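Biologist: I would like a close look at a single part of this model, the place where its two chains meet. Please take it slowly and give the cut-offs as you go.

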Amino acid sequence: MYKPNDLILRTTTSLIAFILLGFAVYLLFAGHNSPGGGFIGGLVTAAAIVLMYMAYGIETVDKVLPINFETLISIGLITAIVTGLGSFLFDVPFLSHTFDYFEFPIFGEVELATAMLFDIGVYFTVVGVTVTIILNIANDQ
Amino acid sequence: MLIAVLIPLIFAIIVPYLSKFKQKVHTGIFVFFIPFSIFLYFIRFVGSDFEPVRQTYNWIPSLGINFDFYLDGLSLLFVLLISGIGSLVVLYSVYYLHVSERLGHFYLYLLMFMTAMLGVVLSDNVFVLYTFWELTSISSFLLIGYWHYRERSRYGAQKSMLITVFGGLSMLGGLVLLSNITGTTSIQAMIAQVDVILANDYLPLIMAFILLGAFTKSAQFPFHIWLPDAMEAPTPVSAYLHSATMVKAGIFLIARFSPIFSGYEWFFIVVSIVGIVTLCWASYMAVRQTDLKGILAFSTISQLGMIMAMLGFGTGAAVFAAVFHILNHATFKGSLFMIAGIIDHETGTRDIRKLGGLFTFMPMTGILAIFGTFSMAGIPLPFLNGFYSKEAFFASTLELESTGNAIASFLVEAIPYLAVFGSIFTFVYSMYLFFGVFTGPAKLDKLKTKPHEAPIGMLVSPFILVLGVIVIGLFPNLFNGTFLIHAAEAVNSTVELEKLKFWHGFITPLFMSLAVVGIGIVFYLTRQKWSNIYHVLPGKLSFNKVYDYIIKKLDDVSAKITDSYMTGSLKTYMTIILATILVVTTFFMVVTGGFTISTDNLAEVTFIEIAVVLVITIAAIATIFTNSKLGAILITGVVGYGVATLFVIYRAPDLALTQLVIETVSVALFLLCFYHLPKLRKRTEKASTKLGNAVISIGFGALMTIIAISAHSTDWFEPISNYFIETSYKLGGGHNIVNVILVDMRGLDTLFEITVLGIAALAIVSLIKLRHDKEAK
């Protein structure tokens with residue numbers, strides 16, 4: 001069987017994928033104050049993962065990333081819902097958020113918001129959904 | 001009184017359990033005690049010092065719907081008929097129905113009917129009355145279809161159901177109007193406000209609605225057609241429902257409401273015409289029947305028409321005659337049905353052409369039949385009650401006075417002749433019924449079994465009824481003062497107690513009776529010669545055909561209508577949906593003056609915006625006209641990226657980012673499915689369809705554009721966005737307002753959006769993984 005020699009693709013992928021993943025993490029955490037957020041971060045992460053699948057094939061990536069993306073959907077949804085339910089502990093309505101500033105050794109003063117937890121839930125869901133859909137359709141015979 | 005009404009229904013619950021012992025004890029024996037005890041309960045109210053009794057039991061007090069029971073003379077007459085004849089019918093059915101039949105079902109339906117009927121005649125609340133009214137329709141439906149494996153039974157049951165429920169619903173309309181006008185749900189309270197009702201503009205509508213209910217239930221012309229088909233029911237049911245009780249519910253309704261409507265001249269015209277026409281048509285048609293029960297069915301219709309006509313006359317004498325005839329009719333018609341049942345039971349046929357000379361074999365039945373048929377014919381003999389009511393009927397037709405209306409004056413002249421005309425045929429079919437069955441040569445070869453006398457138990461019920469015929473015939477005033485006068489007073493308060501006598505002297509009603517008998521005998525003897533007239537009238541003209549035609553047409557037309565728009569083609573549905581939105585929205589926008597276009601408050605247009613929009617427009621148009629699938633996918637991508645560029649221009653970085661990635665993903669998905677997609681077909685529609693589609697699409701686009709412009713041109717509310725801008729950092733702790741709105745201020749929307757995404761992903765997985773592969777099979 002003819003096997004394509006996609007050396008350039010693989011080499012560039014190993015570089016680009018990490019840049020993409022780093023960018024995605026940036027988008028996720030920067031989302032509260034500048035353009036970005038869980039949704040777009042999730043989509044970029046999914047793009048990186050799909051790129052890896054395209055370059056290395058299913059088997060290799062499954063070894064490197066032993067993640068069940070369908071489970072990731074539920075993890076994301078549960079994170080988002082638990083964040084919302086957490087507000088009941090403080091006797092406030094569902095999905096009430098709060099934020100405060102903390103002093104950290106290296107980062108200095110950092111703002112931490114509960115909304116970020118919710119955004120992380122969004123992030124995981126979007127990653128899971130996108131990868132699941134693309135892989136399932138692509139691998140369908 | 002609530003207990004008395006509901007006890008049959010309550011007992012009906014345990015009847016199926018009792019029917020398990022039917023091999024040892026016939027279930028009817030248990031059931032018999034129910035109507036009989038009700039009869040005993042109510043008989044104690046009879047007396048000359050009777051006063052109406054009222055009892056109330058709350059049901060839905062907030063809506064004014066309560067079990068208000070009102071026992072006046074009219075109710076008492078009906079209650080005694082229902083329970084009395086009910087007892088006799090149950091007794092008769094014990095001998096009529098074999099234990100191999102489904103007795104549990106039979107008595108359950110019968111008891112259900114009994115409660116319904118008692119409820120109808122005792123209710124003072126119009127809505128409770130309606131509830132019981134429909135229950136009679138339903139239980140009658142079940143009883144007619146008792147032998148459900150017969151096609152004719154099902155047909156008859158369906159027919160009676162459709163017609164009576166049609167009338168019942170229209171009656172409900174009338175009752176709702178009445179209770180709206182008067183502000184009460186009690187019939188007696190409505191009667192007290194008769195002036196309000198008579199002055200109301202809706203009076204003709206109300207009366208039409210209520211009369212429709214009464215006419216359909218009481219099988220009046222032209223709604224009489226269900227009754228002959230209802231003869232498929234077991235004979236005890238025919239005797240009970242279709243001669244003595246249910247068909248008189250309409251009579252009861254008219255009687256109950258006549259204190260309200262009798263002041264309205266159309267009441268006299270409509271009810272009298274319908275009654276008289278029913279009397280003549282049904283008695284004319286009865287002669288034509290060959291089935292014993294068919295004759296009796298048409299006879300019932302015609303007698304009901306006669307009672308209806310008398311209620312329409314509304315004079316004191318007519319009302320009293322009507323009430324008297326209700327009682328008389330119940331006695332002789334009940335007995336005749338039972339006799340027909342006996343003949344059927346003992347000979348195996350009800351076809352009068354196969355019967356004859358049965359008097360020798362069944363002398364007891366024959367003697368009972370003499371009284372029944374002769375009383376029905378109204379033959380002037382002093383021991384037949386039918387004669388008195390018929391003569392009272394003739395007398396009342398002569399006493400009518402014109403109200404000034406031209407139709408009414410004509411009616412007053414015509415009614416006596418029509419009454420005699422109808423009665424002649426009544427005489428003819430009554431004679432035919434008796435002499436055709438019991439005299440002449442016996443046709444034993446046509447019968448399945450050798451006829452013999454019925455068991456004594458079967459004869460008891462008709463015997464008691466015939467005893468009623470004779471007792472009332474001999475002593476016509478026996479019940480009047482104590483019983484019937486109260487019933488008549490409930491209908492018309494001007495009724496005076498008259499002494500009924502057999503011999504009034506040579507007065508007009510007597511001559512009318514003699515004319516009936518004389519012409520009737522001639523007609524009967526020459527029956528063979530003129531019976532060909534039935535080929536001319538009704539001939540092909542039959543109301544059954546009209547009914548069947550309506551039913552069939554309803555089916556056909558509905559099927560056609562459904563087929564015309566339920567084509568199964570998504571394209572058609574889309575066209576209908578868009579066209580509807582287009583028309584309805586345009587209509588309301590025009591009516592409410594929604595189209596406003598103002599050019600204030602517009603931003604400047606830059607060159608780059610024009611350029612991007614131009615690209616998008618060209619791409620959008622190109623997707624419609626391209627014939628290549630790949631091309632269509634890519635051009636759609638151009639539109640998406642163009643929109644993303646617009647987001648950039650309009651300073652929406654989050655949207656632009658998301659739009660870019662999503663557009664990429666969806667184009668990629670399209671390409672992944674590329675091989676599976678169907679070939680783009682050349683559109684082969686007709687030019688007219690194409691034009692229609694173009695009109696709808698362009699119109700829809702134009703409509704949406706105008707709506708968008710109008711929405712922009714109107715400035716009703718201050719936008720909420722200022723609040724978000726101010727509080728985004730203060731409350732949400734973020735500078736990215738879009739993100740703060742998404743995760744904090746309107747986090748719930750986002751929560752469910754990601755849920756939607758998750759569901760979509762799972763759905764795709766299940767579609768792909770769980771599909772039934774065609775090749776695998």
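Biologist: How much area do chain A and chain B bury between them, and what percentage of it is on carbon and sulfur atoms?

Modeller: This is a predicted model, in which local features need pLDDT of at least 70 and side-chain atom pairs count only at pLDDT 80 or more, while totals for chains, interfaces and linings use all residues; side-chain values use heavy atoms, with hydrogens and water left out. Residues are numbered from 1 along each chain as its sequence is written, and chains are lettered from A in the order in which they are written.

Chain A and chain B bury about 3200 Å² between them, and 73% of this area is on carbon and sulfur atoms; buried area here is the accessible area (1.4 Å probe) that two parts lose on being put together, summed over both. The contact draws 38 residues from chain A and 38 residues from chain B, where contact means heavy atoms within 4.5 Å. Between the two chains there are 0 salt bridges, a salt bridge being a side-chain nitrogen of Lys or Arg within 4 Å of a carboxyl oxygen of Asp or Glu.

On the side of chain A that touches chain B, the elements giving two or more residues are α2 (38–56), α4 (69–86), β1 (99–104) and α5 (114–138) of chain A, helices (H or I, at least four residues) and strands (E, at least two) being DSSP runs numbered from the N terminus. The largest share of that side, 13 residues, comes from α5(A). By class, the side has 22 nonpolar, 12 polar and 4 charged residues, with Ala, Val, Leu, Ile, Met, Phe, Trp, Tyr, Cys and Pro counted as nonpolar, Asp, Glu, Lys and Arg as charged, and the others, Gly among them, as polar.

For chain A, the unreviewed UniProt entry lists "transmembrane region" at residues 7–29, 35–55, 67–90 and 110–138; such positions are given in the numbering used here, feature names are shortened, and annotations may be inferred rather than shown by experiment. Residues 110–138 of chain A are 86% helix and 14% strand, with end C-alpha atoms 42 Å apart, whereas residues 67–90 of chain A are 75% helix and 0% strand, with end C-alpha atoms 34 Å apart.
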